[in-house]
Amino acid sequence: MDFVSIIMGSKSDYDVMKYCAETLEQFQVKYELIISSAHRSPNRTKKYIKEAEKKGAKVFIAAAGMAAHLAGALAAGTTKPIIGVPMKGGAMDGMDAMLSTVQMPAGMPVATVALGKAGAVNSAYLAMQILAITDKELATKLTEDRAVKEKKVVNDSREIEVLI
Ligand code: RP5
């Protein structure tokens, strides 16, 4: 069974990562969500990657803040795509996590999304776009979603536009 694996470094990351889970649910995409830290529970993290891959995880989403190494630790354990979501918080309010997540060495990619809710939501969209390469039904849903977004822009504009 194909699914998306979401791993958070701490329970405190859920306030933002719930938007990732909700987005996957909107598209009826199966996911597993666990807490495991690169620093606090390195053995659990290492073990989980292998177990999740065996169960059918096709994309991993890693959310971590501060000295965020979770996405990198996952990248070390699998060749499946890793999406990193930097979390706000700490003395630098996420700048530290963002730089840590995005600055992977050549050959060990982590697709890093934005800080905050937009990043959490986009991590789900990016994961679905990867799955949709081989899942036609999901590809159609994503195309329909784009059409809805476009229609909303046009409708919003009609509501307020002033033309000369
Ligand atoms: C990171 O440290 C976590 O991913 C979290 O974003 C941050 C703070 O963790 P807590 O102190 O809230 O558990 O490892």
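**Note on the ligand site and domain layout**

1. In this predicted model, the ligand is surrounded by Gly9, Ser10, Ser12, Asp13, Arg40, Ala64, Gly65, Met66 and Met87, each having a heavy atom within 4 Å of it. By class, this shell holds three nonpolar, four polar and two charged residues; Gly counts as polar, Ala and Met as nonpolar, and Asp and Arg as charged.

2. Polar contacts are pairs of N or O atoms within 3.5 Å. A polar side-chain atom of Asp13 lies 2.6 Å from an oxygen atom of the ligand, and one of Ser12 lies 2.7 Å from a ligand oxygen atom. Gly65 places a backbone N or O atom 3.0 Å from an oxygen atom of the ligand. The protein covers 71% of the 360 Å² of accessible area that the ligand has on its own (Shrake-Rupley method, 1.4 Å probe).

3. The chain is divided into domain 1 (3-131) and domain 2 (134-164), with bounds from an automatic or database domain assignment. Their centres, taken over C-alpha atoms, are 28 Å apart. Seven residues from domain 1 and eight from domain 2 make up the contact, defined by heavy atoms within 4.5 Å.

4. Residues are numbered from 1 along each chain as its sequence is written, and side-chain values use heavy atoms, with hydrogens and water left out. Local features need pLDDT of at least 70 and side-chain atom pairs count only at pLDDT 80 or more, whereas totals for chains, interfaces and linings use all residues.

How values were computed
A polar contact is a pair of N or O atoms within 3.5 Å; within protein, one must be able to donate a hydrogen and the other to accept it, and residues adjacent in sequence count only if both atoms are side-chain atoms.
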